[in-house]
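Dear colleague,

I am handing over the structure below, and after it you will find a short account of what was found. Please read the account with the structure open beside you.

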Amino acid sequence: VSGLLAVTLVAGLLDQQLNEANPRRYDFKPALRTVEARARPGDVILCNPGYLISVVHYYAPQLSAQPNRPQALSSPGVSDARSVFLLGSFFNIPSEKAAMDASYRQLGGKRRLVREWQFANVKVWEFR
């Protein structure tokens, strides 16, 4: 019985870690590697939710990141940037999705959407 329980627990752990369809999986590392490959000095990442800045600093400390707030879109660092990357996640939270949609529309009105990427529970848009 103990062996069967151990095998069941290991199988569940492997499924959780390796299953690409796991809804608890968030692929920030490959998303930020993609941004790193495209970003130039002076480019900025707007993070939604704002606390994703700590994730950016962990995986890509050399990138410039700011919380995604309405006033951030018109701040000098963002308005002067060659590219603005919009990094979003937690779209299942209505307030976060609404904030991301508003920023997407606002950026789209001022800049051209160049590319977008989708990873597990993470999206990135590049505007120029």
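Thr-34 is buried, since its relative accessible area is 19%, and buried here means under 20% relative accessible area, with exposed being over 50% and partly exposed in between (1.4 Å probe, protein chains only). Please keep in mind that this is a predicted model, in which local features need pLDDT of at least 70 and side-chain atom pairs count only at pLDDT 80 or more, while totals for chains, interfaces and linings use all residues. Residues are numbered from 1 along each chain as its sequence is written, and side-chain values use heavy atoms, with hydrogens and water left out.

Thr-34 belongs to helix α2 (residues 28-38); helices (H or I, at least four residues) and strands (E, at least two) are DSSP runs, numbered from the N terminus. Leaving aside neighbours within four places in sequence, Thr-34 is in contact with Trp-117 and Phe-119, where contact means heavy atoms within 4.5 Å.

Five strands form an open sheet in the order β2-β1-β3-β5-β4, with mixed pairing, and two strands pair if DSSP finds at least two bridges between them. The edge strands, each pairing on one side only, are β2 (65-67) and β4 (113-119). Strand β4 runs antiparallel to β5 (residues 122-127), and six bridges join them.

Helix α2 packs on the sheet, touching β1 (44-48), β3 (84-89), β4 and β5, and its direction makes about 155° with that of β4; axes are lines fitted to C-alpha atoms, for helices over the stretch in contact, and angles run from 0 to 180 degrees between N-to-C directions.
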